[in-house]
Amino acid sequence: MDIFETFRLAQEAIYANKLRSALTALGIIIGVAAIILLISIGSGLQSYVSAQFAKLGSNSIFIIPGKVQFGPQGGPPRSVNKLSFDIVNKLEREKSSDIQTIMPFIEISATASYRNSSKITTLAATKTDYFAMSDIRAQSGRVFSSADDRAARKVAVIGQTLAKDLYKSQDPIGQKISISKKPFLVIGVLEPQGNVGGIDVDNQVLVPLSAGRVLTGANQVNSILVKTTSTESIPQAKAQIEKILLRSLGEDDFTIMSQEQLLSSVTSILSFITIALGGIAAISLIVGGVGISNIMLVSVTERTKEIGLRKAVGARPKDILTQFLIEAIILSLTGGVIGLSLGYIGSVALSALIKTTIPLWSVFLALGFSSAVGIVFGVAPAFRASRLDPIVALRYE
Amino acid sequence: MKSLILVKNLTKIYGQPPNETRALDGVSFEIKKGEFVAIIGPSGSGKSTLMHILGCLDHPTSGQYFLESQNVANLDENQLASIRNENIGFVFQFFNLLPRTSALKNVQLPMVYSNTPRAKRQERAIELLEAVGLKDKLKSTPAQLSGGQQQRVAIARALVNNPLIIFADEPTGNLDTKSSYEIMDILKKLNKGGNTIIMITHEPDIAKLSKRVITIRDGKIISDKKNRK
């Protein structure tokens, strides 16, 4: 029997039992939709984070406290933060001509409040250059200036979420905001940046570095971003920074990474997360496969007489095997395609809330995996059908 | 005339000693081309077992079976499948048509496994359904047909690959008297046209309509007589 005939047969059998076929495929539909959706969230996160780092430019060097290692021995830095403002000042004084800008960051969690409403938010204190460098603009009002920083003015630029939650319909600009119980003046609201992997980037408040330092009372910075004059000068700049830092710090007290190194480390962590998410969803596909196996076994039993008749009129075991196997594959592959469409629709719908992207490989993975499920879970029932004795099968009631 | 079927000392044993059952116990006979043979016997006599072996659905425990001089007793499953497909047409007591499938498609089924092109299959199926008087029932599914009509579809299906032999297993066992005689008329006509027919039945009235009656009891042939015209 030729393969087209087998396909037609399988189609007819599936069509003859519409409801049952739909329910069988449902397991696969849900599995594939879940895979596509979760991978799209994971890779949305990945592409957002990558884009954020990329925005900073390839001429960036990051200095962070502690020894950070990615890979098998990796983990959070264990040592105390020794990146102090003294170090920042030292760098400023001794920087070579390769280095353009040195930009320290303080980033802590803080409570922001206005009148009776309050919200836990991320407080970031940095220099004015940050806005231009990461291409972040104020939607209304203005961002703080170098003058604000020099004068340590207590001014704040807030994200959309914070503006909405604290000021409701009121215009926040010119209003007071209390950050960790210290009064600040809102001078600008940032453009919306969205939600990344469940983290609301619009829930933040930015203040000038000098004011932030006074506010937190801390002598440490969370990270230092160094811009070099060009990408080529990164190695020399890195060597120089390391030399300066090593004079007052131990080797384990800091990590220097170029944008390229950081990007590849972060990307590798995020793709691991993406794959893990997809893997969890893949479990539901296996459950869907068991469903197919189950229904195919019922179908074989139900169609015992048909199988007997087919054998009596000349079907070889191989013909019966392919007939049932193709039926299982069509069911799972159709389920896969429907699941793919649903996953796509879901991810588009979700993109209103958080950033999602569907990588092409996840489409092939989902389709490949669902047809593999069809084959693996279709083999047992199909084999059973092919081994039926025609005499017994014909007599079966 | 050359023999179409030649069986020698055919034996079929079910189960292991000491609980074995001898369904067939040394059966030998010959059937020539163009014969219309009825195999008759009470239930449990071994007539169904004999039919299954003759129809290449089963292997004998011992003995020889020559179909057109080819020894088929020890062929494997795939070889038997192609012999059934090309040389044997079955008509069953319970019709065994595919449910929810049109008469036209049902008749085509054996041709699906002989790789006959679609157009040819269609043409041949229509031709045979017309021959059994179901010209206006091509699209009907078994549920829309009477028992007699279903059996006629089954006969058309049996004929579709021009088989050497038609095996009819209690073809009238599930039909009323009128339909039974209609079906027997068709079989007789086919036989007149040169088809070899082997029919299993337990009804002496039906057996009388054939040309030769082999009576079987406890796995042995107890009589083999020609019917007088």
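Start by selecting B:Thr215: across from it, in β10(B), stands B:Ser223. Both strands here, like every strand and helix on this tour, are DSSP runs numbered from the N terminus (helices H or I, at least four residues; strands E, at least two).

Before moving on, note that this is a predicted model, in which local features need pLDDT of at least 70, side-chain atom pairs count only at pLDDT 80 or more, and totals for chains, interfaces and linings use all residues. Residues are numbered from 1 along each chain as its sequence is written, while chains are lettered from A and ligands numbered from 1 in the order in which they are written.

**Stop 1: the sheet in chain B**

Select residues 212–217 of chain B. This is strand β9, and β9 pairs with β10(B) in the antiparallel sense over six bridges. Two strands count as paired if DSSP finds at least two bridges between them. Strands of a sheet pair through backbone hydrogen bonds, either parallel or antiparallel.

Now show the whole sheet. It is open, has six strands in the order β6-β7-β8-β3-β9-β10 (chain B), and its pairing is mixed. Find β6 (88–91) and β10 (220–226) of chain B at the edges: each has a single partner strand, so one side of each lacks a neighbour in the sheet. On average, neighbouring strands of this sheet are turned by 20° against each other, direction ignored. Axes are lines fitted to C-alpha atoms, for helices over the stretch in contact, and angles run from 0 to 180 degrees between N-to-C directions.

**Stop 2: where the chains touch**

Show both chains. The contact takes 20 residues from chain B and 18 residues from chain A. Residues are in contact if their C-beta atoms, placed from the backbone, lie within 7 Å. On the chain B side, α2(B) gives the most, with six residues.

**Stop 3: chain A**

Which loop holds A:Lys67? Look between β1 (60–65) and α3 (85–94) of chain A. Next, select A:Phe254: A:Lys67 is 187 residues away in sequence, yet 5.4 Å away in space, C-alpha to C-alpha.

Zoom out. Chain A has 13 helices and 12 strands. Along its principal axes, the C-alpha trace of chain A spans about 95 × 50 × 30 Å.

Conventions: Two residues are in contact if their C-beta atoms, placed from the backbone, lie within 7 Å.
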